[in-house]
Structure formats: structure tokens, C-alpha cells
Amino acid sequence: LGSPSGDMRIYINGVEQPVFESDAGLQVIASQSSPGETLQVTVEYPFRNVVVRPLSAGVEPQTESGRVSFQVEQLPAKLSVEFDGDPTDSVQLFLYGYDPEPVPQPRKGLLYFPPGEYHYEENIVLSSDQTVYLAEGALLHARFEATGAENIAILGRGIIDTYAFPVETRMLNFTECKNITLRDFSLIGPRSWMVVLVDCDDCLLDGVNVIGTAINSDGVDIVGSRNVTVQSGFFRNNDDC
């Protein structure tokens, strides 16, 4: 996470935002600082044309020389601001509502990552009744797996990134698991399948942002599983979304 590269600057309510840069453009994660707050988004960048997707969001940006701006009132909102017809020359905005309790209470089975950057060479193996919470501003270079476990959750508004890992790396790999909840965080940068559910039951993916640009960077692979719900997500993948 850092300042935008090149000539692009992103502001929300007048405050310049830290970004994550990937082959799919720039990603910005931000939340309301108070309930009901309107988020004013401004992007400074030399461009000729701009579009805000999805078009169904009905966002009509105001443009002037080198600047585009618009307001976002309905949250959460997942938007892609794309310049000059090039989807990689873009910024994806993952905007959330106010969270009155952003830090979970300590408890048995909780693995909490506060804002910061973390590196794990070996896979993080999850067991039954375990919750991973990624705070907004947390950047985790890691892969997760679980086999034969129940009641697993990965939550929060942080980022899981695996660009630095070897070619055939799956990001979240669950086998014969039951009652899995994945919510709000972002997955960016795999060289292989991203969320893999093999012979699992009762799985919820709610509001997860999944961005992969390499060949075989599948978004969600539901393999011989049952009762799987995928909703309110953002997917940009180079293979099966």
C-alpha cells in the first residue's frame, strides 16, 4: 500500500488515498468516517474519456481537464473508473459504510491482522471454529487452506495478495469443509485459482473483491460442493469468474 504511481491521484472527501497497484490497475479501499456520510470521489489523471462501471450504478461523473469527480451515497459500493477504453488504465473503488466496531473482541480461535503488511511463506492452515479478521489497511501476503474443518470465517476489509508466490498457487483452498463464511476482504494477484471449494457444504461469499489477471486466475471454483452462495462481490479475472 502506498501513494499512487504515475500521474494518478485519488481523493475521497479531499483526502488523498493510499492505493494497491496490480496488473488490473489501482485499488482503493475506504470507509465512511461517520454514519450517513456522502463520499466525494476525485481522480486526477490526464485522460480523454472516462466511464464508471458498472453502468447499472448510475454514476454520472463530472469531468474537467485532468479531473473526474462524483458522489457516492449508497454503500457499500464497488466501482471501476476506467480511462480511454483501457480497463487496465483504471482504479477500482471498494467503498464501505461506517463500522462502529472495526476491531473485533479477542476470543479463542481469532487470528487478527491490524493495519500493516505481513508475509507468510508457508500456507496458513485453518482449523474448525477459527476466524481470520483483516482490518482495513492490512496487506497480507499469504495463502490459506483447510481440510475437513467446520465453522471457518475470513472477514474484514483488508487485502490478501499473492503476486510474489510461485506460478501454481491457490489463494484460498478448502476441501471437505462445512460452514465457511468469506466477507468483504479483497483477493488480488494469483497465478492460479483464487477461491477453491472442493466437496464443501454451506459456504457464503459475501462482498468479496476478487482480482486476477494471470492465465487461470479463476475467481471462485465451486467443485462438487453444495449450498454455496456468492453475492455482492466484485470480480475481474482472466479466466472463469
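Modeller: Start with one term: two residues are in contact when heavy atoms of theirs lie within 4.5 Å. The model is a predicted one, where local features need pLDDT of at least 70 and side-chain atom pairs count only at pLDDT 80 or more, while totals for chains, interfaces and linings use all residues. Residues are numbered from 1 along each chain as its sequence is written, and side-chain values use heavy atoms, leaving out hydrogens and water.

Now take isoleucine 154. Neighbours within four places in sequence are set aside here. Isoleucine 154 then has contacts with Leu126, Val132, Leu134, Phe144, Leu172, Phe174, Thr181, Leu182, Arg183 and Phe185.

Next comes the core around that residue. A nonpolar core is a set of buried Ala, Val, Leu, Ile, Met, Phe, Trp, Tyr and Cys residues joined through side-chain atoms within 4.5 Å. Buried means under 20% relative accessible area, exposed means over 50%, and partly exposed lies in between, with a 1.4 Å probe and protein chains only. The largest nonpolar core holds 31 residues. Ile154, Leu172, Phe174 and Leu182 have the most contacts inside it. Several strands give two or more residues to this core, including strand 14 (130-134), strand 17 (150-156), strand 19 (172-175) and strand 20 (178-183). Strand 22 (195-198) and strand 23 (201-206) are also among them.

Helices (H or I, at least four residues) and strands (E, at least two) are DSSP runs, numbered from the N terminus. The protein chain has 0 helices and 27 strands.

Follow the chain past strand 23. Glycine 207 sits in the loop between strand 23 and strand 24 (209-211). Glycine 207 counts as buried because its relative accessible area is 5%. Residues up to four places away in sequence aside, glycine 207 touches Lys78, Tyr96, Asp184, Phe185, Gln231, Ser232 and Gly233. Tyrosine 45 is 162 residues from glycine 207 along the chain, and their C-alpha atoms are 28 Å apart.

Serine 232 has 52% relative accessibility, so it counts as exposed. Asparagine 227 lies in strand 26 (residues 226-231). Asparagine 227 also has a positive phi, near 55°. Its relative accessible area is 52%, which means it is exposed.

Two peptide bonds deserve a glance. Arginine 53 and proline 54 are joined by a cis peptide bond, with omega about 0°. Proline 54 is in the loop between strand 6 (50-53) and strand 7 (62-64). Leucine 75 and proline 76 are likewise joined by a cis peptide bond, omega about 0°. Proline 76 is in the loop between strand 8 (67-72) and strand 9 (77-83).

Last, the whole chain. Buried residues make up 47% of its 241 residues. Of the contacts with a separation of 6 or more, 53% join residues 24 or more positions apart. Along its principal axes, the C-alpha trace spans about 55 × 40 × 30 Å.
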